[in-house]
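I opened this notebook to record what I looked up in one model. The entries follow the order in which I made them.

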Amino acid sequence: MPDALYQRYQQAHRAHQAHRTDCPHCTDRARCPDGERLWAAFERLQDAYLKRQRTR
């Protein structure tokens, strides 16, 4: 069973993907304010997860 940090990281990724699918303003290079917020949450959680993986 995946741990809580991994699950939150994956949930953030899915939330960003869902937003990007529906948002006409978000692209690979630009994001609307909501898209930027979702991307930042994903990046923060991904960085935390990968950092923890490297220290194991």
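I began at the start of H1, where a side-chain oxygen of Asp3 comes to within 3.1 Å of the backbone nitrogen of Leu5. I read this as a polar contact (N or O atoms within 3.5 Å; within protein, one able to donate a hydrogen and the other to accept it, with residues adjacent in sequence counted only if both atoms are side-chain atoms).

I noted that the model is predicted, that local features need pLDDT of at least 70 and side-chain atom pairs pLDDT 80 or more, and that totals for chains, interfaces and linings use all residues. Residues are numbered from 1 along each chain as its sequence is written, and side-chain values use heavy atoms, leaving out hydrogens and water.

I took helices as DSSP runs (H or I, at least four residues), numbered from the N terminus. H1 covers residues 4-22. Its 19 residues reach 27 Å from first C-alpha to last, close to the 27 Å expected (1.5 Å times one less than the number of residues).

I listed Leu5, Tyr9, Ala12, His16 and His19 as the buried residues of H1 (under 20% relative accessible area; exposed is over 50%, with a 1.4 Å probe and protein chains only). They line one face of the helix, because they fall within an arc of 95 degrees seen down its axis (directions from the axis to the C-beta atoms). On the face turned away I found the exposed Gln11, Arg14, Thr21 and Asp22.

What covers the buried side of H1? Helix H2 (33-55) is included in the cover. I then checked His16, which is buried at 8% relative accessible area. His16 touches Arg31, Gly35, Leu38 and Trp39, leaving aside residues up to four places away in sequence (contact: heavy atoms within 4.5 Å). In H2, I recorded Gly35 and Leu38 among the buried residues.

Technical notes
Helices (H or I, at least four residues) and strands (E, at least two) are DSSP runs, numbered from the N terminus.
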